Amino acid sequence: MRLIIGIIIFAPFYLIFMSVDILTVFIQIALFFAGKLLGSDILDRYTYKQIIATDQSLNALTAGDEDETISGRIGRRIPNSWFAKFLNKIYFWQENHVLEAVETDEGQNDLIQ
Ligand SMILES: [Ca+2]
């Protein structure tokens, strides 16, 4: 019940943060490809770190562990769901992206178990 009240109170802030995060993702993806085109190793690594940080931020915003990516959380909890299959399609170059993203030492800080 407290979690639901908390979500209602913080929903406007949550939506603002989420919007900024999603906007940041698009900028990061653009920078990532710019780094690839320019052959810039530093820009490449910099944007990769930013993308992981944003991914984990979105996971924390949705009551997940702040040290885990969304893919890792999906792979740990619901690896056969439609969303897991959707993520695996996006990361087509990996055998099973959501399972590869699982970090065995993460997930204990999920707010919703
Ligand atoms: Ca981690």
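**A close look at Gly35**

Gly35 counts as partly exposed because 18 C-beta neighbours lie inside 10 Å; a residue is buried with 20 or more other C-beta atoms within 10 Å of its own, exposed with 12 or fewer, and partly exposed in between, the C-beta atoms being placed from the backbone. This is a predicted model, in which local features need pLDDT of at least 70, side-chain atom pairs count only at pLDDT 80 or more, and totals for chains, interfaces and linings use all residues. Residues are numbered from 1 along each chain as its sequence is written.

Gly35 belongs to helix α1, residues 2–38; helices (H or I, at least four residues) and strands (E, at least two) are DSSP runs, numbered from the N terminus. Leaving aside residues up to four places away in sequence, Gly35 touches Ser40, Leu43, Asp44 and Thr47, where contact requires C-beta atoms, placed from the backbone, within 7 Å. Tyr46 is eleven residues from Gly35 along the chain, and their C-alpha atoms are 9.2 Å apart.

The protein chain as a whole has five helices and zero strands. Of its 113 residues, 15% count as buried. Its mean pLDDT, the predictor's confidence in each residue from 0 to 100, is 86, and 99% of the residues reach 70 or more.

Methods
Two residues are in contact if their C-beta atoms, placed from the backbone, lie within 7 Å.
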